[in-house]
Amino acid sequence: MSEPGNSNSKYAWREVAAHGLPKRSAPERAADFLEIYGLYDEATAREQASRCIQCPNPSCVNGCPLCNPIPQWLLLTAEGRFLEAAALLGSATNMAEICARLCPSDHLCEGACVLEGISSSVAIQPLEQFLVEYAFAHGAVSTATAPPNGRKVAVVGSGPGGLACAEQLARQGFAVTVFDAELVPGGLLVNGTPAFRLEKTVVHRRLEVLRRCGVKFQLGAQFGDKLTLNQLAEDFDAVFLGCDWRRARVLTVPGAELKGVIPAVTFLLQKTTPVPLDLSPIDVSGKRVVVLGGGDSAIDCARAAIRYGAAEAKVVYRRGAEEMQCGRQHYESAFEEGARFFFQATPVAVLGDSDGRVRGLRLVRTELGPADPGQQRPFRIVRGSEFEIEADWVIPALGFEPMPCPASDDFAGLTRNKWGGLAVDAHQMTSRPGVFAGGDMVRGPSLILESVRDARRAAAEIHSYLLGQTTGV
Ligand code: SF4
């Protein structure tokens, strides 16, 4: 084996086996809500980083919405220069420790790595986590900001995009206030994510960094109530609109209105948000739970149901395991913890009892068509293949669709794009001067990193707009 960190070796990947993060046993982790992974130690981090062959045209970078300079910080990591690597990583993204836990890396950087398919991709996400934790442990996460420049910016939405924009601007000396309708900052992706994937302490630690950079939060501020765009535009020099702005696809088969059918978002919010919600209790203990869908939310629901004592947690997906949109490790972890999967099946009806409560599902088999690059495989229903399964709770996790922006007076003057979202120019600015936008409101349901990319670009453009200087993103 080559010496760890011998970055001159182009062939370390042949000699160094890929290792994922250490993982707690399935019975242990299914009995609590803590994160399931540990961290690399320093020697393993160097060794794993040394597997990168430093491609001259790195496909991992092209696979990252932020064009994160992955090979550069991998090289520094392989050389044991962890703080330099962490600083470089931190300059290219925001809250890398959160993105590394939630991004679908096997569909992005790791999936694009040239070693994927030949061997195993470089462990980019685990190394990101290692570097951020190393930086926190060594007091090297900067909260330095430029001197105050006298300009005030309002950021609406405290999801990953809003937080990224706020951090970028605060570090440049702007007085930033983040507004959010919810009482807990972090947005849907963070608040609706179970702790076994993202512990709240990780989020709180990052929020504390932002607070120490001077970012202020006004929570429970509902748009259209006391918070209006006109008022923000009057009170602040610029506004960034970065709200979670999406709606869950609904189940439309007969019986979808029965008691016991609950959207994934509702289930996850009730099980993950640390504040009381105005929702009826969803008690899955000892019950049969069937989740519909193949994305990360579906897997989150199944794994959360197991932890809340469900007797069964089944996931029904209309395509095959290979076509699921969720992270591969997420799926494997769910299976290890006891979730069971019905592939190539789709519901045609939710079945109810005499009290109007769910008692099961009628499903039908599907057949997949040929794969088409860049497209999801088509499927068709197999006639005469209907069958039934029992269920006490049915949780549709069918993804999200774009939600047109409100037609209130506030927003009425803003130019819309073709689906009713906000149109922005090349500077991320809406048709109203000084009002910028990104993420869901502009592009529809977005990946975390797409929202962060829009937000970083908007922050750079706000700087340029207010101070007449270009900062780059
Ligand atoms: Fe390294 Fe893989 Fe990126 Fe190539 S594609 S630079 S091997 S991480």
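In helix H10, the buried residues are Pro160, Gly161, Gly162, Leu163, Ala164, Cys165, Ala166, Glu167, Gln168, Leu169 and Ala170. The model is predicted. The count is 11 of the 12 residues of H10, so the helix is largely enclosed by the rest of the structure. The cut-off applied here is a relative accessible area under 20%. The cover over the buried residues of H10 includes both strands and helices. Among the strands are S1 (152-156), S2 (175-180), S3 (216-219) and S4 (238-241). The helices include H12 (200-212) and H19 (448-467).

The length of H10 was checked against helix geometry. H10 covers residues 160-171. At 1.5 Å a residue, its 12 residues should span 16 Å, and the end C-alpha atoms are 16 Å apart, so the two values agree. Gly173 follows H10 and has a positive phi, near 95°.

Helix H9 gives a second case. H9 runs over residues 124-137 and has 14 residues. From first C-alpha to last, H9 reaches 20 Å, close to the 20 Å expected at 1.5 Å a residue. H9 is mostly covered, with 13 of its 14 residues buried. Just after H9 comes Gly139, with a positive phi of about 60°.

The chain as a whole has 19 helices and 15 strands. Its C-alpha atoms fill a box of roughly 65 × 65 × 40 Å along the principal axes. For 473 residues, a compact globule would have a radius of gyration near 23 Å; the chain has 23 Å, so the computed value agrees with the rule. Buried residues account for 53% of the 473 residues. The accessible surface comes to about 20,600 Å². Carbon and sulfur atoms hold 51% of that surface. Contacts were also sorted by sequence separation. Of those between residues at least 6 apart in sequence, 69% join residues at least 24 apart.

The ligand shell was examined next. The residues around the ligand are Cys52, Ile53, Cys55, Pro58, Ser59, Cys60, Pro71, Leu74, Cys113, Val114 and Val122. Helix H4 (59-62) and helix H5 (70-78) are the elements that give two or more residues to this shell. By class, the shell has 10 nonpolar residues and one polar residue. It has no charged residues.

The loop between H4 and H5 holds Cys67 and Asn68. Phi of Cys67 is positive, near 50°, although Cys67 is a residue other than glycine. Most residues other than glycine have a negative phi. Asn68 has a relative accessibility of 4% and therefore counts as buried. Residues up to four places away in sequence set aside, Asn68 touches Val61, Trp73, Leu89, Ala92, Thr93 and Glu128. Glu128 falls within the residue range of H9, 124-137.

A further loop joins helix H6 (82-92) to helix H7 (96-102), and Asn94 is found there. Met95 lies in this loop between H6 and H7 as well. With a relative accessible area of 1%, Asn94 is buried. Met95, at 4% relative accessibility, also counts as buried. Phi of Met95 is near 45°, a positive value in a residue other than glycine. Asn94 is in contact with Cys99, Ala164, Glu167, Gln168, Val452 and Arg456, leaving aside neighbours within four places in sequence. Ala164, Glu167 and Gln168 are among the buried residues of H10. Asn94 and Pro160 are 66 residues apart along the chain, and their C-alpha atoms are separated by 8.4 Å.

Val184 sits in the loop between S2 and helix H11 (187-191). Its relative accessible area is 13%, so Val184 is buried. Val184 and Thr415 are 231 residues apart in sequence. Their C-alpha atoms are 31 Å apart in space.

Notes. Residues are numbered from 1 along each chain as its sequence is written. This is a predicted model: local features need pLDDT of at least 70, side-chain atom pairs count only at pLDDT 80 or more; totals for chains, interfaces and linings use all residues. Side-chain values use heavy atoms; hydrogens and water are left out. A residue is near a molecule or strand if one of its heavy atoms lies within 4 Å of it. Helices (H or I, at least four residues) and strands (E, at least two) are DSSP runs, numbered from the N terminus. Ala, Val, Leu, Ile, Met, Phe, Trp, Tyr, Cys and Pro count as nonpolar, Asp, Glu, Lys and Arg as charged, and the others, Gly among them, as polar. The expected span of a helix is 1.5 Å times one less than its number of residues. Buried means under 20% relative accessible area, exposed over 50%, partly exposed in between (1.4 Å probe, protein chains only). Contact means heavy atoms within 4.5 Å. The radius of gyration is taken over C-alpha atoms; the globule rule is 2.2 Å times the number of residues to the power 0.38. Accessible areas come from the Shrake-Rupley method with a 1.4 Å probe; for residues, only the protein chains shown count as cover.
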